[in-house]
Amino acid sequence: MKLLESYTYSISAIVVSFNTRDLLRECLQSLLDECARLPENIAAEILVVDNASHDGSAEMVESEFSGSKVPVRLIRNAVNLGFAGANNLALLEAQGRYLVLLNSDAFLYPDALCVALKHMDRSPSTGFGGARLVGRDGSLQPSGRRFHSIWRDALTLTGLSARFPRSRVFGAPDRTWADPEVAADVDWVPGAFMIMRREALAKIGLFDPRFFLYYEETDLCRRVKAAGFRVSYWPDIIVTHIGGESGRQLRSLTTSKAASRVELWRMRSTFLYYRKHHGWQARLAFWMEWALYTVRDRRNRNSSDPNRRIRAEEAAQLAALTRQAWRETKGGRVSPPKPW
């Protein structure tokens, strides 16, 4: 699969949506407002990929945005292809010089697109650029991150990175020690907002569709850096991202099937990523995570404190999910049939 060899627009903005109708409406309005701020010589298009939503998202786009001054094109999927697969469909049709990925639960601050374009024009060695992601309340979210390793993942899973965010050692996974006001070259930037150079993507190829959810942008950034391009974090591009807030509010694994399912998806992608980029370390990633949950379960299961017993129950469930993910991916070698 190859990108179009010529482009008509300066920007192609791509939004993937799955049952986020109201947020999608707000996202598209934000995007159209930013397109209106672009200089007259910079033309843009918007591509919306609906991943088989059943909340009327696609119908809303057709009825409310089909007459927009900036063309809004809708791609309907019969099944949920995940983040990577859905973006690939749009990337193959995109006619922009620069390709902008935006989550349906993300909203651009004023002039975000203009600033992103200026940075990319001034930095030809940058393949992908990312923004400063913030919550509705302005709280910072991880925006310029380090690649996964057994050590960094252990820091995250044990909670040490969250407990000591200003430490260069413990805060390494998300670079929480760094000044968010300072631009930097980073390992990877989240797909909630990512501006991509067409030439870079043409060189490395599209998203790896084996990743249904999680690690897809990490894998893509790893490949673009291996091809000699930079991945840049720019703090003056600001994007509100709701997903970072809702993710923190998932209910206990013991009461939420959705939370359990998301953890399973994350584990599957973890093993796929490690097998692809680190080979035998995929098994080490499995043992590290499984052992952590098993120890937590055994430490808390016989406690008289009901909260500790709940933690034990959650840890036991996570350990079981770890084994399930390892088995279903055959040790990170196979992506289960989609949709997950």
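**Why do we call it that?**

Tutor: Let's start at tyrosine 215, in the loop between H7 and H8. Helices here are DSSP runs of H or I with at least four residues, strands are runs of E with at least two, and both are numbered from the N terminus. This is a predicted model, in which local features need pLDDT of at least 70 and side-chain atom pairs count only at pLDDT 80 or more, while totals for chains, interfaces and linings use all residues. Residues are numbered from 1 along each chain as its sequence is written, and side-chain values use heavy atoms, leaving out hydrogens and water.

Student: Why is helix H8 called largely enclosed?

Tutor: Eight of its 11 residues (216–226) are buried, so the rest of the structure largely encloses H8. Among the buried ones are Glu216, Asp219, Cys221 and Arg223. Their cover includes helix H3, strand E6, strand E8, helix H7, E9 and H10. Just after H8, glycine 228 takes a positive phi of about 100°.

Student: What makes the link between arginine 266 and glutamate 289 a polar contact?

Tutor: A polar contact is a pair of N or O atoms within 3.5 Å; within protein, one must be able to donate a hydrogen and the other to accept it, and residues adjacent in sequence count only if both atoms are side-chain atoms. The two side chains are joined at 2.6 Å. Arginine 266 lies in helix H10 and, at 14% relative accessibility, counts as buried.

Student: Which residues does arginine 266 touch?

Tutor: With contact meaning heavy atoms within 4.5 Å, it touches Leu157, Tyr214, Tyr215, Glu289 and Tyr293, not counting residues up to four places away in sequence. So our opening tyrosine is one of the partners of arginine 266.

Student: How do you know that serine 232 is buried?

Tutor: Its relative accessible area is 1%, so serine 232 is buried. It lies in strand E9 (residues 230–241), and its side chain makes a polar contact of 2.9 Å with the side chain of threonine 126.

Student: What makes a set of residues a nonpolar core?

Tutor: They are buried Ala, Val, Leu, Ile, Met, Phe, Trp, Tyr and Cys residues joined through side-chain atoms within 4.5 Å. The largest such core has 57 residues, and those with the most contacts inside it are Leu91, Phe128, Met196, Leu201 and Cys221. Helix H10 (residues 257–278) gives the most to this core, with seven residues. A second, separate core of 40 residues includes Val15, Cys27, Phe107 and Ala112.

Student: Which peptide bond is cis?

Tutor: The one joining lysine 338 and proline 339, with omega about 0°. Proline 339 lies in the segment after helix H12 (306–328).

Notes
Buried means under 20% relative accessible area, exposed over 50%, partly exposed in between (1.4 Å probe, protein chains only).
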